[in-house]
Amino acid sequence: MLRDDLCYLSGLIDGEGSITLEITHGWAPRLAISQKFPAIIRWLHQTFGGSMYQSRDKERPQRWNWVVSGRQAVNVLAMALPWLVEKKPQAELLFDAQRQTTQRHGRRVSLEEKALRCGYKLALQEAKRHATV
């Protein structure tokens with residue numbers, strides 16, 4: 001991977017990225033970037049994998065979206081971490097959540113584990129409200 005690609009990725013994440021923890025269908029870190037035009041989304045898809053799709057909403061302009069989730073999201077964020085500024089605290093929180101929680105792979109999760117996961121999700125949402133730049 002070229003350093004320039006990782007720097008560009010980091011700028012896209014800082015400016016347009018969304019880092020979330022999805023807990024409705026399990027426990028998955030998620031990184032998404034949305035753009036009006038498809039060229040950058042195609043580049044992300046070709047360079048880093050993930051999914052690419054076009055959203056169509058009658059009330060909003062057409063958007064192109066790129067999404068990586070699970071281990072792939074963690075790996076992409078780890079590559080971008082040295083150059084992140086705005087989203088660095090969110091990425092670090094996501095890494096901490098990944099280390100501190102248990103992956104259950106379809107098995108039942110204890111109430112304590114659910115509370116821990118919800119706590120991380122809330123902390124990530126709070127970090128978004130208190131951006132540094």
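Buried denotes under 20% relative accessible area, exposed over 50%, and partly exposed the range in between (1.4 Å probe, protein chains only). The model is predicted: local features need pLDDT of at least 70, side-chain atom pairs count only at pLDDT 80 or more, and totals for chains, interfaces and linings use all residues. Residues are numbered from 1 along each chain as its sequence is written, and side-chain values use heavy atoms, with hydrogens and water left out.

View A. Helices (H or I, at least four residues) and strands (E, at least two) are DSSP runs, numbered from the N terminus. Gln90 is buried, with a relative accessible area of 3%. Leaving aside residues up to four places away in sequence, Gln90 touches Ile19, Leu124, Ala127 and Lys128 (contact: heavy atoms within 4.5 Å).

**View B. The open sheet of 4 strands, ordered E1-E2-E4-E3.** The pairing is antiparallel, where two strands pair if DSSP finds at least two bridges between them. Strands E1 (17-22) and E3 (51-55) form the edges, each pairing on one side only. From one strand to the next, the twist averages 25°. E2 (residues 28-35) and E4 (residues 63-69) pair over 6 bridges, and Ile33 has Trp66 in E4 as its bridge partner.

**View C. Helices H2 and H3 on the sheet.** Axes are lines fitted to C-alpha atoms, for helices over the stretch in contact, and angles run from 0 to 180 degrees between N-to-C directions. Helix H2 (residues 38-48) lies across E2, E3 and E4, at about 20° to E4. Helix H3 (residues 71-80) touches E1, E2 and E4, and its direction makes about 100° with that of E4.
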